[in-house]
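The sequence and structure come first, and the notes follow by topic.

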Amino acid sequence: MIHKININTHTRVEFQEITGAVRDIVESSGVQSGVCYVFVPHTTAAVMINEHADPDVAEDIAAQLDLIAPRHNKYRHAEGNSPAHIKASLIGDSKVIFIEDGQLVLGTWQGIFFCEFDGPRQRSLMVKIVADK
Amino acid sequence: MIHKININTHTRVEFQEITGAVRDIVESSGVQSGVCYVFVPHTTAAVMINEHADPDVAEDIAAQLDLIAPRHNKYRHAEGNSPAHIKASLIGDSKVIFIEDGQLVLGTWQGIFFCEFDGPRQRSLMVKIVADK
Amino acid sequence: MIHKININTHTRVEFQEITGAVRDIVESSGVQSGVCYVFVPHTTAAVMINEHADPDVAEDIAAQLDLIAPRHNKYRHAEGNSPAHIKASLIGDSKVIFIEDGQLVLGTWQGIFFCEFDGPRQRSLMVKIVADK
(Lines give C-alpha, C1' and ligand atoms only; values in the text may rest on other atoms or scores of the structure.)
Protein backbone atom coordinates (compact mmCIF):
# COMPACT_ATOMS: atom_id res chain seq x y z
CA MET A 1 0.00 0.00 0.00
CA ILE A 2 1.25 3.43 -0.96
CA HIS A 3 0.50 6.40 1.28
CA LYS A 4 0.31 9.89 -0.17
CA ILE A 5 1.31 13.15 1.50
CA ASN A 6 -0.11 16.28 -0.12
CA ILE A 7 2.23 19.27 -0.12
CA ASN A 8 1.52 22.87 -1.06
CA THR A 9 4.54 25.01 -1.82
CA HIS A 10 4.45 28.78 -1.73
CA THR A 11 7.58 30.05 -3.47
CA ARG A 12 9.78 29.04 -6.41
CA VAL A 13 12.36 27.26 -4.26
CA GLU A 14 11.27 25.90 -0.90
CA PHE A 15 12.54 23.13 1.37
CA GLN A 16 9.60 21.94 3.44
CA GLU A 17 10.24 19.59 6.34
CA ILE A 18 8.04 16.49 6.19
CA THR A 19 9.64 14.33 8.90
CA GLY A 20 6.53 14.52 11.09
CA ALA A 21 4.18 13.49 8.29
CA VAL A 22 6.38 10.48 7.43
CA ARG A 23 6.68 9.54 11.12
CA ASP A 24 2.88 9.60 11.45
CA ILE A 25 2.51 7.12 8.57
CA VAL A 26 5.14 4.82 10.08
CA GLU A 27 3.48 4.90 13.49
CA SER A 28 -0.01 4.34 12.08
CA SER A 29 1.26 1.32 10.15
CA GLY A 30 2.14 -0.49 13.36
CA VAL A 31 5.26 -1.87 11.67
CA GLN A 32 7.93 -2.49 14.31
CA SER A 33 10.87 -3.32 12.05
CA GLY A 34 11.27 -2.69 8.33
CA VAL A 35 12.09 -0.14 5.66
CA CYS A 36 10.32 3.12 4.77
CA TYR A 37 10.65 4.38 1.19
CA VAL A 38 9.83 7.94 0.20
CA PHE A 39 9.34 8.81 -3.49
CA VAL A 40 8.65 12.11 -5.29
CA PRO A 41 6.57 11.64 -8.50
CA HIS A 42 7.73 14.98 -9.95
CA THR A 43 10.65 16.04 -12.17
CA THR A 44 11.24 19.52 -10.72
CA ALA A 45 11.14 18.56 -7.04
CA ALA A 46 13.18 16.17 -4.89
CA VAL A 47 13.50 14.66 -1.42
CA MET A 48 16.51 15.26 0.82
CA ILE A 49 17.63 14.22 4.28
CA ASN A 50 19.72 16.86 6.04
CA GLU A 51 19.85 19.10 9.10
CA HIS A 52 16.51 20.25 10.47
CA ALA A 53 17.72 22.04 13.62
CA ASP A 54 18.97 25.21 11.93
CA PRO A 55 16.84 26.31 8.93
CA ASP A 56 19.90 28.19 7.62
CA VAL A 57 21.36 24.86 6.47
CA ALA A 58 18.52 24.22 4.02
CA GLU A 59 18.78 27.87 2.91
CA ASP A 60 22.49 27.44 2.23
CA ILE A 61 21.89 24.24 0.26
CA ALA A 62 19.15 25.91 -1.79
CA ALA A 63 21.33 28.98 -2.45
CA GLN A 64 24.31 26.88 -3.54
CA LEU A 65 22.09 24.85 -5.88
CA ASP A 66 21.12 28.20 -7.45
CA LEU A 67 24.80 28.76 -8.24
CA ILE A 68 25.27 25.16 -9.51
CA ALA A 69 22.26 25.48 -11.85
CA PRO A 70 21.79 29.24 -12.40
CA ARG A 71 18.36 30.56 -13.26
CA HIS A 72 19.45 32.52 -16.31
CA ASN A 73 21.59 30.41 -18.56
CA LYS A 74 21.43 29.12 -22.13
CA TYR A 75 19.05 26.19 -21.67
CA ARG A 76 17.27 24.37 -24.52
CA HIS A 77 14.08 23.35 -22.71
CA ALA A 78 11.55 26.05 -23.61
CA GLU A 79 9.56 26.04 -20.36
CA GLY A 80 12.31 27.95 -18.55
CA ASN A 81 12.51 25.53 -15.62
CA SER A 82 15.64 23.59 -16.60
CA PRO A 83 17.46 24.64 -13.40
CA ALA A 84 14.67 22.92 -11.45
CA HIS A 85 15.12 19.70 -13.45
CA ILE A 86 18.89 19.83 -12.90
CA LYS A 87 18.57 20.37 -9.14
CA ALA A 88 16.00 17.57 -8.88
CA SER A 89 18.37 15.17 -10.65
CA LEU A 90 21.22 16.11 -8.27
CA ILE A 91 19.25 15.78 -5.01
CA GLY A 92 17.26 12.74 -6.15
CA ASP A 93 13.72 11.45 -6.09
CA SER A 94 13.74 8.85 -3.34
CA LYS A 95 15.02 8.01 0.13
CA VAL A 96 15.31 4.80 2.11
CA ILE A 97 14.95 4.99 5.90
CA PHE A 98 15.07 2.10 8.38
CA ILE A 99 12.30 1.38 10.90
CA GLU A 100 13.15 -0.08 14.31
CA ASP A 101 11.01 -0.35 17.45
CA GLY A 102 8.15 1.12 15.44
CA GLN A 103 10.10 4.34 14.74
CA LEU A 104 12.00 5.89 11.83
CA VAL A 105 15.75 5.56 12.44
CA LEU A 106 17.25 9.00 11.79
CA GLY A 107 20.37 10.65 13.18
CA THR A 108 19.96 13.41 15.77
CA TRP A 109 20.23 16.22 13.22
CA GLN A 110 18.49 14.52 10.32
CA GLY A 111 15.14 15.64 8.98
CA ILE A 112 13.36 14.74 5.75
CA PHE A 113 12.69 17.63 3.37
CA PHE A 114 10.49 17.96 0.31
CA CYS A 115 12.52 20.16 -2.05
CA GLU A 116 10.46 22.37 -4.35
CA PHE A 117 12.49 23.80 -7.22
CA ASP A 118 9.71 25.10 -9.48
CA GLY A 119 6.95 26.32 -7.22
CA PRO A 120 4.56 27.41 -6.05
CA ARG A 121 2.66 24.20 -6.83
CA GLN A 122 0.45 21.49 -5.40
CA ARG A 123 2.70 18.48 -4.98
CA SER A 124 2.60 15.01 -3.52
CA LEU A 125 5.00 12.53 -2.00
CA MET A 126 4.56 8.78 -1.85
CA VAL A 127 5.49 6.67 1.17
CA LYS A 128 5.70 2.88 1.25
CA ILE A 129 6.45 0.79 4.30
CA VAL A 130 7.74 -2.76 4.06
CA ALA A 131 7.82 -4.81 7.25
CA ASP A 132 10.57 -7.33 7.94
CA LYS A 133 9.47 -10.93 7.87
CA MET B 1 16.51 -12.99 -9.10
CA ILE B 2 18.36 -10.19 -10.85
CA HIS B 3 17.36 -9.18 -14.38
CA LYS B 4 19.91 -7.62 -16.69
CA ILE B 5 19.29 -5.00 -19.37
CA ASN B 6 22.06 -4.67 -21.96
CA ILE B 7 22.70 -1.13 -23.16
CA ASN B 8 24.88 0.08 -26.02
CA THR B 9 25.84 3.73 -25.92
CA HIS B 10 27.04 5.60 -28.97
CA THR B 11 28.61 8.86 -27.80
CA ARG B 12 30.68 10.10 -24.85
CA VAL B 13 27.69 11.47 -22.93
CA GLU B 14 24.27 9.98 -23.63
CA PHE B 15 21.04 9.75 -21.64
CA GLN B 16 19.15 6.72 -22.92
CA GLU B 17 15.58 6.18 -21.79
CA ILE B 18 15.01 2.69 -20.37
CA THR B 19 11.53 3.06 -18.89
CA GLY B 20 10.03 0.61 -21.38
CA ALA B 21 12.65 -2.06 -20.69
CA VAL B 22 12.11 -1.78 -16.92
CA ARG B 23 8.31 -1.83 -17.37
CA ASP B 24 8.61 -5.04 -19.42
CA ILE B 25 10.53 -6.76 -16.61
CA VAL B 26 7.95 -5.63 -14.03
CA GLU B 27 5.04 -6.86 -16.16
CA SER B 28 6.71 -10.21 -16.95
CA SER B 29 7.31 -10.75 -13.23
CA GLY B 30 3.58 -10.79 -12.53
CA VAL B 31 4.23 -8.91 -9.27
CA GLN B 32 1.14 -6.84 -8.42
CA SER B 33 2.50 -4.87 -5.49
CA GLY B 34 6.12 -4.35 -4.44
CA VAL B 35 9.35 -2.47 -5.07
CA CYS B 36 11.52 -2.32 -8.19
CA TYR B 37 15.23 -1.57 -7.73
CA VAL B 38 17.47 -0.47 -10.59
CA PHE B 39 21.27 -0.61 -10.17
CA VAL B 40 24.15 0.43 -12.45
CA PRO B 41 27.28 -1.73 -11.94
CA HIS B 42 29.59 0.91 -13.47
CA THR B 43 31.55 3.86 -12.04
CA THR B 44 31.27 6.23 -15.03
CA ALA B 45 27.54 5.80 -15.66
CA ALA B 46 24.44 6.41 -13.55
CA VAL B 47 20.66 6.07 -13.47
CA MET B 48 18.33 9.06 -13.26
CA ILE B 49 14.58 9.63 -13.13
CA ASN B 50 13.51 12.86 -14.85
CA GLU B 51 11.39 14.27 -17.66
CA HIS B 52 11.00 12.07 -20.73
CA ALA B 53 8.48 14.17 -22.68
CA ASP B 54 10.92 16.79 -23.95
CA PRO B 55 14.41 15.40 -24.77
CA ASP B 56 15.79 18.93 -24.27
CA VAL B 57 15.52 18.40 -20.50
CA ALA B 58 18.04 15.54 -20.51
CA GLU B 59 20.24 17.59 -22.85
CA ASP B 60 20.16 20.52 -20.43
CA ILE B 61 21.02 18.27 -17.47
CA ALA B 62 23.91 16.70 -19.41
CA ALA B 63 25.19 20.11 -20.51
CA GLN B 64 25.07 21.53 -16.98
CA LEU B 65 26.92 18.48 -15.62
CA ASP B 66 29.64 19.31 -18.17
CA LEU B 67 29.99 22.70 -16.49
CA ILE B 68 29.91 21.19 -12.98
CA ALA B 69 32.66 18.68 -13.86
CA PRO B 70 34.48 20.20 -16.86
CA ARG B 71 36.24 17.89 -19.29
CA HIS B 72 39.56 19.69 -19.18
CA ASN B 73 40.64 20.34 -15.65
CA LYS B 74 43.55 19.38 -13.40
CA TYR B 75 42.51 15.86 -12.44
CA ARG B 76 44.83 13.27 -10.84
CA HIS B 77 43.28 10.08 -12.29
CA ALA B 78 45.42 9.27 -15.34
CA GLU B 79 42.69 7.72 -17.50
CA GLY B 80 41.22 11.13 -18.30
CA ASN B 81 37.65 10.19 -17.36
CA SER B 82 37.44 11.83 -13.92
CA PRO B 83 34.53 14.06 -15.03
CA ALA B 84 32.56 10.88 -15.75
CA HIS B 85 33.29 9.50 -12.26
CA ILE B 86 32.25 12.84 -10.69
CA LYS B 87 28.99 13.00 -12.66
CA ALA B 88 28.19 9.37 -11.81
CA SER B 89 28.68 10.08 -8.09
CA LEU B 90 26.35 13.11 -8.29
CA ILE B 91 23.51 11.40 -10.19
CA GLY B 92 23.87 8.08 -8.37
CA ASP B 93 23.90 4.38 -9.14
CA SER B 94 20.46 3.18 -8.07
CA LYS B 95 16.77 4.02 -8.03
CA VAL B 96 13.80 2.68 -6.08
CA ILE B 97 10.38 2.65 -7.79
CA PHE B 98 7.10 1.37 -6.36
CA ILE B 99 4.94 -1.26 -8.08
CA GLU B 100 1.15 -1.13 -7.74
CA ASP B 101 -1.54 -2.95 -9.74
CA GLY B 102 1.27 -4.72 -11.58
CA GLN B 103 2.68 -1.42 -12.89
CA LEU B 104 5.61 0.86 -12.13
CA VAL B 105 4.38 3.92 -10.24
CA LEU B 106 5.91 6.95 -11.95
CA GLY B 107 4.70 10.54 -12.22
CA THR B 108 3.26 11.74 -15.54
CA TRP B 109 6.53 13.30 -16.70
CA GLN B 110 8.93 10.79 -15.16
CA GLY B 111 11.06 8.45 -17.23
CA ILE B 112 14.04 6.31 -16.21
CA PHE B 113 17.32 7.13 -17.96
CA PHE B 114 20.61 5.28 -18.19
CA CYS B 115 23.23 8.04 -18.06
CA GLU B 116 26.42 7.32 -19.99
CA PHE B 117 29.26 9.66 -19.06
CA ASP B 118 32.22 7.86 -20.65
CA GLY B 119 30.96 6.21 -23.83
CA PRO B 120 30.58 4.79 -26.28
CA ARG B 121 30.53 1.47 -24.40
CA GLN B 122 28.62 -1.76 -23.87
CA ARG B 123 26.89 -1.37 -20.53
CA SER B 124 24.39 -3.18 -18.39
CA LEU B 125 21.79 -2.32 -15.81
CA MET B 126 20.45 -4.63 -13.11
CA VAL B 127 16.80 -4.79 -12.08
CA LYS B 128 15.43 -6.55 -9.02
CA ILE B 129 11.77 -6.86 -8.11
CA VAL B 130 10.63 -7.61 -4.59
CA ALA B 131 6.95 -8.45 -4.09
CA ASP B 132 5.06 -7.36 -0.99
CA LYS B 133 4.09 -10.16 1.34
CA MET C 1 18.13 -6.01 12.59
CA ILE C 2 20.40 -3.04 11.95
CA HIS C 3 24.17 -3.54 11.96
CA LYS C 4 26.46 -0.65 12.84
CA ILE C 5 29.92 0.04 11.44
CA ASN C 6 32.01 2.47 13.49
CA ILE C 7 34.21 4.78 11.46
CA ASN C 8 36.94 7.16 12.63
CA THR C 9 37.93 9.87 10.20
CA HIS C 10 41.22 11.72 10.42
CA THR C 11 40.97 14.80 8.21
CA ARG C 12 38.32 17.33 7.17
CA VAL C 13 37.46 15.58 3.93
CA GLU C 14 38.12 11.85 3.66
CA PHE C 15 36.69 9.07 1.50
CA GLN C 16 37.14 5.83 3.43
CA GLU C 17 36.47 2.56 1.67
CA ILE C 18 34.08 0.32 3.62
CA THR C 19 33.33 -2.39 1.06
CA GLY C 20 35.06 -5.06 3.16
CA ALA C 21 33.14 -4.16 6.31
CA VAL C 22 29.81 -4.31 4.45
CA ARG C 23 30.79 -7.61 2.77
CA ASP C 24 31.58 -9.10 6.21
CA ILE C 25 28.09 -8.23 7.48
CA VAL C 26 26.47 -9.73 4.38
CA GLU C 27 28.48 -12.94 4.68
CA SER C 28 27.84 -13.28 8.42
CA SER C 29 24.12 -12.89 7.80
CA GLY C 30 24.01 -16.07 5.73
CA VAL C 31 21.52 -14.40 3.38
CA GLN C 32 21.90 -15.91 -0.10
CA SER C 33 19.62 -13.59 -2.05
CA GLY C 34 18.26 -10.20 -1.04
CA VAL C 35 18.97 -6.50 -0.70
CA CYS C 36 21.59 -4.70 1.42
CA TYR C 37 20.84 -1.12 2.47
CA VAL C 38 23.53 1.24 3.76
CA PHE C 39 22.51 4.43 5.60
CA VAL C 40 24.55 7.33 7.04
CA PRO C 41 22.88 8.91 10.12
CA HIS C 42 24.83 12.16 9.73
CA THR C 43 24.19 15.43 7.88
CA THR C 44 27.79 16.29 6.96
CA ALA C 45 28.82 12.86 5.67
CA ALA C 46 27.54 10.61 2.88
CA VAL C 47 27.92 7.21 1.25
CA MET C 48 29.09 6.76 -2.34
CA ILE C 49 29.72 3.87 -4.70
CA ASN C 50 32.56 4.55 -7.16
CA GLU C 51 35.97 3.32 -8.29
CA HIS C 52 38.14 1.72 -5.64
CA ALA C 53 41.05 0.56 -7.84
CA ASP C 54 42.73 3.95 -8.23
CA PRO C 55 42.50 6.16 -5.11
CA ASP C 56 43.00 9.19 -7.39
CA VAL C 57 39.36 8.87 -8.47
CA ALA C 58 38.04 9.54 -4.96
CA GLU C 59 40.57 12.38 -4.64
CA ASP C 60 39.29 13.93 -7.87
CA ILE C 61 35.67 13.63 -6.74
CA ALA C 62 36.51 15.21 -3.36
CA ALA C 63 38.47 18.03 -5.03
CA GLN C 64 35.67 18.80 -7.49
CA LEU C 65 33.11 18.87 -4.65
CA ASP C 66 35.34 21.51 -3.03
CA LEU C 67 34.86 23.64 -6.15
CA ILE C 68 31.10 22.95 -6.26
CA ALA C 69 30.66 23.95 -2.59
CA PRO C 70 33.66 26.16 -1.80
CA ARG C 71 34.89 26.37 1.76
CA HIS C 72 34.87 30.14 1.95
CA ASN C 73 31.64 31.56 0.69
CA LYS C 74 28.79 33.66 2.07
CA TYR C 75 26.88 30.98 3.99
CA ARG C 76 24.17 31.69 6.58
CA HIS C 77 24.70 28.67 8.86
CA ALA C 78 26.93 29.92 11.66
CA GLU C 79 28.85 26.70 12.32
CA GLY C 80 30.97 27.17 9.20
CA ASN C 81 30.32 23.69 7.83
CA SER C 82 27.69 24.50 5.19
CA PRO C 83 29.91 23.13 2.39
CA ALA C 84 29.83 19.76 4.19
CA HIS C 85 26.02 19.82 4.35
CA ILE C 86 25.82 20.73 0.65
CA LYS C 87 28.21 17.94 -0.38
CA ALA C 88 26.33 15.42 1.77
CA SER C 89 23.04 16.37 0.10
CA LEU C 90 24.58 15.94 -3.37
CA ILE C 91 26.22 12.54 -2.74
CA GLY C 92 23.36 11.21 -0.59
CA ASP C 93 22.83 9.31 2.60
CA SER C 94 21.97 5.78 1.45
CA LYS C 95 22.77 3.07 -1.04
CA VAL C 96 20.96 -0.07 -2.18
CA ILE C 97 23.06 -3.08 -3.22
CA PHE C 98 21.79 -6.48 -4.36
CA ILE C 99 22.85 -9.78 -2.74
CA GLU C 100 23.16 -12.92 -4.84
CA ASP C 101 24.83 -16.26 -4.01
CA GLY C 102 25.51 -14.87 -0.55
CA GLN C 103 27.62 -12.01 -1.97
CA LEU C 104 27.22 -8.28 -2.60
CA VAL C 105 26.66 -7.68 -6.32
CA LEU C 106 29.05 -4.88 -7.33
CA GLY C 107 30.68 -4.07 -10.65
CA THR C 108 34.39 -4.84 -11.10
CA TRP C 109 35.49 -1.29 -10.29
CA GLN C 110 32.86 -0.46 -7.68
CA GLY C 111 33.68 0.07 -4.03
CA ILE C 112 31.56 1.55 -1.23
CA PHE C 113 32.96 4.70 0.39
CA PHE C 114 32.05 6.54 3.56
CA CYS C 115 32.45 10.22 2.63
CA GLU C 116 33.52 12.47 5.49
CA PHE C 117 33.01 16.16 4.71
CA ASP C 118 33.43 17.69 8.19
CA GLY C 119 36.03 15.62 9.99
CA PRO C 120 37.88 14.45 11.84
CA ARG C 121 35.04 12.78 13.74
CA GLN C 122 33.76 9.51 15.15
CA ARG C 123 31.06 8.38 12.76
CA SER C 124 28.83 5.39 12.18
CA LEU C 125 27.12 3.73 9.27
CA MET C 126 24.04 1.51 9.45
CA VAL C 127 23.59 -1.64 7.39
CA LYS C 128 20.35 -3.57 7.00
CA ILE C 129 19.98 -6.84 5.10
CA VAL C 130 16.63 -8.04 3.82
CA ALA C 131 16.44 -11.59 2.49
CA ASP C 132 14.21 -12.50 -0.45
CA LYS C 133 11.25 -14.68 0.43
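In chain C, a polar atom of the C:Thr11 side chain lies 3.0 Å from the backbone oxygen of C:Val13. The model is a predicted one. C:Thr11 sits in the loop between strand S1 (2-8) and strand S2 (14-17) of chain C.

**Surroundings of C:Thr11**

- C:Thr11 counts as partly exposed because its relative accessibility is 40%, a value between the limits of 20% for buried and 50% for exposed.
- Leaving aside residues up to four places away in sequence, C:Thr11 touches C:Glu116, C:Gly119 and C:Pro120.
- C:Asp118 is 107 residues from C:Thr11 along the chain, and the C-alpha atoms of the two are separated by 8.1 Å.

**Contact of chain C with chain A**

- Chain C contributes 33 residues to this contact and chain A contributes 31 residues.
- The two chains bury about 2500 Å² between them, and 57% of that area is on carbon and sulfur atoms.
- Three salt bridges are counted between chain C and chain A.
- One of the salt bridges joins the side chains of C:Arg76 and A:Glu59, at 4.0 Å from N to O.
- There are 15 residue pairs in polar contact across the interface of chain C and chain A, counting pairs with both residues at pLDDT 80 or more.
- On the side of chain C that touches chain A, the elements giving two or more residues are strand S3 (34-39), helix H3 (82-91), strand S5 (94-100) and strand S8 (122-131) of chain C.
- H3(C) gives the most to that side, with six residues.
- By class, the residues on the side of chain C that touches chain A are 19 nonpolar, nine polar and five charged.

**Contact of chain C with chain B**

- Here 31 residues come from chain C and 33 residues from chain B.
- Chain C and chain B bury about 2500 Å² between them, with 58% of it on carbon and sulfur atoms.
- C:Asp60, C:Gln64 and C:Phe98 are the residues of chain C that lose the most area to chain B, and together they account for 25% of what that side buries.
- The count of salt bridges between chain C and chain B is three.
- Among them is the salt bridge of B:Arg76 with C:Glu59, whose closest N and O atoms are 4.0 Å apart.
- The interface of chain C and chain B holds 15 residue pairs in polar contact, both residues being at pLDDT 80 or more.
- S3, strand S4 (45-51), helix H2 (55-68), H3 and S5 of chain C each supply at least two residues of the side of chain C that touches chain B.
- H2(C) provides the largest share of that side, eight residues.
- The side of chain C that touches chain B divides into 16 nonpolar, six polar and nine charged residues.

**Relation between the copies**

How values were computed:
Residues are numbered from 1 along each chain as its sequence is written. Chains are lettered from A and ligands numbered from 1 in the order in which they are written. This is a predicted model: local features need pLDDT of at least 70, side-chain atom pairs count only at pLDDT 80 or more; totals for chains, interfaces and linings use all residues. Side-chain values use heavy atoms; hydrogens and water are left out. Contact means heavy atoms within 4.5 Å. Buried area is the accessible area (1.4 Å probe) that two parts lose on being put together, summed over both. A polar contact is a pair of N or O atoms within 3.5 Å; within protein, one must be able to donate a hydrogen and the other to accept it, and residues adjacent in sequence count only if both atoms are side-chain atoms. Helices (H or I, at least four residues) and strands (E, at least two) are DSSP runs, numbered from the N terminus. Ala, Val, Leu, Ile, Met, Phe, Trp, Tyr, Cys and Pro count as nonpolar, Asp, Glu, Lys and Arg as charged, and the others, Gly among them, as polar. Buried means under 20% relative accessible area, exposed over 50%, partly exposed in between (1.4 Å probe, protein chains only).
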